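Keep the model open while you read and look up each residue as it comes along.

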Amino acid sequence: DAAALYELLEHEVVPLFYTRGADGLPHGWISRQRRSIARIGPRFTTHRMVQEYAEKLYRPLSQRAATLGANQAERAKAYAAWLGNIRGHWGALRFDDVQVHVGDEARVREAVRVEARVWLDGLRPEDLAVQVCYGNARPDGAVVDYTVVDAPLVAQEEGGFARYATQISFDETGVKGLGVRLVPRHPDLPAPGVVGLMTWAS
């Protein structure tokens, strides 16, 4: 990358600056600068920033507030009751078993099946999401640059257990790893992490 940058500067950019017309101005340089400002400038303006805030944050939050507040906040009250119930049970939830079905090593793009058996402590399976986080593994075992996929419910079992499963695959070689976690799930929950409830399989 550095070599390509120096090549561009030496053979294209710098000559434009030092090539002057009869009036002493570097017209090629000025032309390139104008094109750059015309192309890049609109992406680095307050107008663009405020527009993105409005589209990605303010408008969705406004719509969410209107939805939750309708009919004397009926939906907000239901969500609050659900969240209170989830908080009351969360400490008792646990992974009973996690299995990763793979041979001695996972080959590139070869399907790896991940299964998890979870003790629900009386919660409904749809109140929870089992997620598999997989990616590159550091020497200390931490998984970085990971992808997150949900493991759908495959069976409800006796004794208050539920089994979830999914398949993953790695697109490149290297030292890889994965982790399995439990997060709350609800249509009105803006993101799993905002309520501070997350349990990882050990």
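## A walk through the model

Ala92 has a relative accessibility of 34%, so Ala92 counts as partly exposed. Keep in mind that this is a predicted model. Ala92 sits in the loop between H3 and strand E1 (94-101). Leaving aside residues up to four places away in sequence, Ala92 touches Trp119 and Asp121. Then there is Gly122: its C-alpha atom and that of Ala92 are separated by 9.8 Å, with the two residues 30 residues apart along the chain.

### Salt bridges

How many salt bridges does the structure hold? The count is 13.

| Arg117 | Asp96 | 2.6 Å |

Start with the salt bridge between Arg117 and Asp96, whose closest N and O atoms are 2.6 Å apart. This pair links distant parts of the chain, since Arg117 belongs to strand E2 (residues 112-119) and Asp96 to strand E1, 21 residues apart. Is Arg117 buried or exposed? Its relative accessibility is 18%, and buried means under 20%, so Arg117 counts as buried. Asp96 has 36% relative accessibility and therefore counts as partly exposed.

Arg117 turns up again beside an aromatic ring: Arg117 lies over the face of Phe161, at 3.9 Å from the ring centre.

Glu115 counts as buried because its relative accessibility is 15%, while Arg113, at 31%, counts as partly exposed.

Asp96, Arg113, Glu115, Arg117, Glu157 and Arg163 are linked in a network of salt bridges.

Arg185 is partly exposed because its relative accessibility is 38%, and Asp150 is partly exposed with a relative accessible area of 36%.

While you're in the loop between E7 and E8, have a look at Pro187, which is found there too. Its relative accessibility is 72%, so Pro187 counts as exposed. The C-alpha atoms of Pro187 and Ala66 are separated by 15 Å, and the two residues are 121 residues apart along the chain.

### Aromatic rings

Now for the rings. The structure holds 6 aromatic pairs. One of them joins Phe17 and Tyr18: the ring centres are 5.1 Å apart and the planes stand at 90°, so the pair is edge-to-face. Phe17 counts as partly exposed because its relative accessibility is 31%, and Tyr18, at 61%, counts as exposed.

How do the rings of Tyr79 and Trp82 sit, with their centres 5.9 Å apart and their planes at 20°? Planes under 30 degrees apart count as stacked, so this pair is stacked. Tyr79 and Trp82 are 3 residues apart in helix H3 (residues 46-90), so about one helical turn separates them. Both Tyr79 and Trp82 are buried.

Phe17 and Tyr18 form one aromatic cluster together with Trp29. Tyr18 lies in helix H1 (residues 2-18).

### A nonpolar patch

Which residues make the nonpolar surface patch of about 680 Å²? They are Leu5, Tyr6, Leu8, Leu9, Val14, Phe17 and Tyr18. You have met two of these already: Phe17 and Tyr18 form the edge-to-face pair, and they also belong to this patch.

Conventions:
Residues are numbered from 1 along each chain as its sequence is written. This is a predicted model: local features need pLDDT of at least 70, side-chain atom pairs count only at pLDDT 80 or more; totals for chains, interfaces and linings use all residues. Side-chain values use heavy atoms; hydrogens and water are left out. Patches are made of residues with over 30% relative accessible area and no salt bridge: like charges are joined within 9 Å, nonpolar side chains (Val, Leu, Ile, Met, Phe, Trp, Tyr) within 5 Å. Accessible areas come from the Shrake-Rupley method with a 1.4 Å probe; for residues, only the protein chains shown count as cover. A salt bridge is a side-chain nitrogen of Lys or Arg within 4 Å of a carboxyl oxygen of Asp or Glu. Helices (H or I, at least four residues) and strands (E, at least two) are DSSP runs, numbered from the N terminus. Rings of Phe, Tyr and Trp (its six-membered ring) pair if their centres lie within 6.5 Å; planes under 30 degrees apart count as stacked, over 60 as edge-to-face and the rest as tilted. Buried means under 20% relative accessible area, exposed over 50%, partly exposed in between (1.4 Å probe, protein chains only). A charge sits over a ring if NZ of Lys or CZ of Arg is within 6 Å of the ring centre and within 35 degrees of the ring normal. Contact means heavy atoms within 4.5 Å.
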